[in-house]
Amino acid sequence: MANSMQSFQPREAFQAAIIDLDGTMVDTLGDFAVALNRMLEELALPLIEPSAIELMVGKGSEHLIRSVLEHVGAAPSQYDAAWASYQKHYLAINGHYSTVYPGVAEGLRALRNAGLKLACLTNKPTNFAKPLLEAKGLLDHFDVVFGGDLFERKKPDPLPIVRTCEALGSSPARTLMVGDSSNDARAARAAGCPVVLVTYGYNHGQPVRSVDADGYADSLAEVSLVLKPAFPAARP
């Protein structure tokens, strides 16, 4: 397991990169906290602290809702009402309480200028992901955006990464996965993709450097800088 970006030496030039969203490009914990607590208030349930929500993020909205309901002692039978309420409130505030991490825009521009195709792959529903990327000025960097609702299984299953590589026309071995958690790393490993994890995201409360990955980066700009020698020729 690599200890830093500097020790990550790609064997071949990359054709593409797949970038996670929550915790990798955008700090969305504020959005989650507001939408979830409005949902809980609407259902007359106890509110939840952002520190607890952070440990639940990353496995899709369905898992998040079920985890929150369990945390506040609600009955599983309240899931359908909770899901409908959450969607309503999240769409109403999507991006209002979130911020783009430093170095993300610079890193994406550098990856595209180096000739890589880019995909955003998230377990977040697509109708949440695309408006968020657009609101933060990031959508135009991507050739494709796939949410977890578009596949039969979500990360850490490798299926979404395999399908995303197919959509990009890139081989997994030459497609870099950039994420923030063990979900991204496990999915990338199973799909045959090299993987780099950012050090600042949501990894279920566990140290990200304890996850098996090819490298770790303090910003997306650092990923583009260190991997630049392995890139194909820049676009004309």
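Residues are numbered from 1 along each chain as its sequence is written, and side-chain values use heavy atoms, with hydrogens and water left out. Because the model is predicted, local features need pLDDT of at least 70 and side-chain atom pairs count only at pLDDT 80 or more, whereas totals for chains, interfaces and linings use all residues.

**The cavity**

- The structure holds 1 cavity of 30 Å³ or more, where a cavity is a set of points, on a 1 Å grid over the protein atoms alone, at which a 1.4 Å probe fits but cannot get out.
- The largest cavity contains about 190 Å³ of space, a volume being the space filled by probe spheres set on the grid points, which are joined across faces, edges and corners.
- Its lining is made of 19 residues, and D22, V57, G58, K59 and N123 are the closest to its centre; a lining residue has an atom within 4 Å of a point.
- Two or more lining residues come from each of α3 (61-71) and α8 (182-191), helices here being DSSP runs of H or I with at least four residues and strands runs of E with at least two, numbered from the N terminus.
- By class, the lining has 5 nonpolar, 7 polar and 7 charged residues, with Ala, Val, Leu, Ile, Met, Phe, Trp, Tyr, Cys and Pro counted as nonpolar, Asp, Glu, Lys and Arg as charged, and the others, Gly among them, as polar.

**Helix α1**

- The end C-alpha atoms of α1 are 20 Å apart, which agrees with the 20 Å that its 14 residues should span at 1.5 Å a residue, the expected span being 1.5 Å times one less than the number of residues.
- Because 10 of its 14 residues are buried, α1 is largely enclosed by the rest of the structure; buried means under 20% relative accessible area, exposed over 50% and partly exposed in between, with a 1.4 Å probe and protein chains only.
- The buried residues of α1 include L29, F32 and L36, and also D31 and N37.
- Among the elements that cover these buried residues are β2 (26-27), α4 (79-93) and α6 (126-135).

**Backbone features**

- Most residues other than glycine have a negative phi, and most peptide bonds are trans.
- A44, which follows α1, has a positive phi of about 60 degrees although it is not a glycine, and A44 is exposed, with a relative accessible area of 71%.
- H204, in the loop between β7 (195-198) and β8 (215-217), also has a positive phi, near 55 degrees.
- The peptide bond from K155 to P156 is cis, with omega near 20 degrees, and P156 lies in the loop between β5 (144-146) and α7 (159-168).

Terms used
On a 1 Å grid over the protein atoms alone, a cavity is a set of points where a 1.4 Å probe fits but cannot get out, and a pocket is an open set with protein on both sides within 12 Å along at least five of seven lines; lining residues have an atom within 4 Å of a point. Contact means heavy atoms within 4.5 Å.
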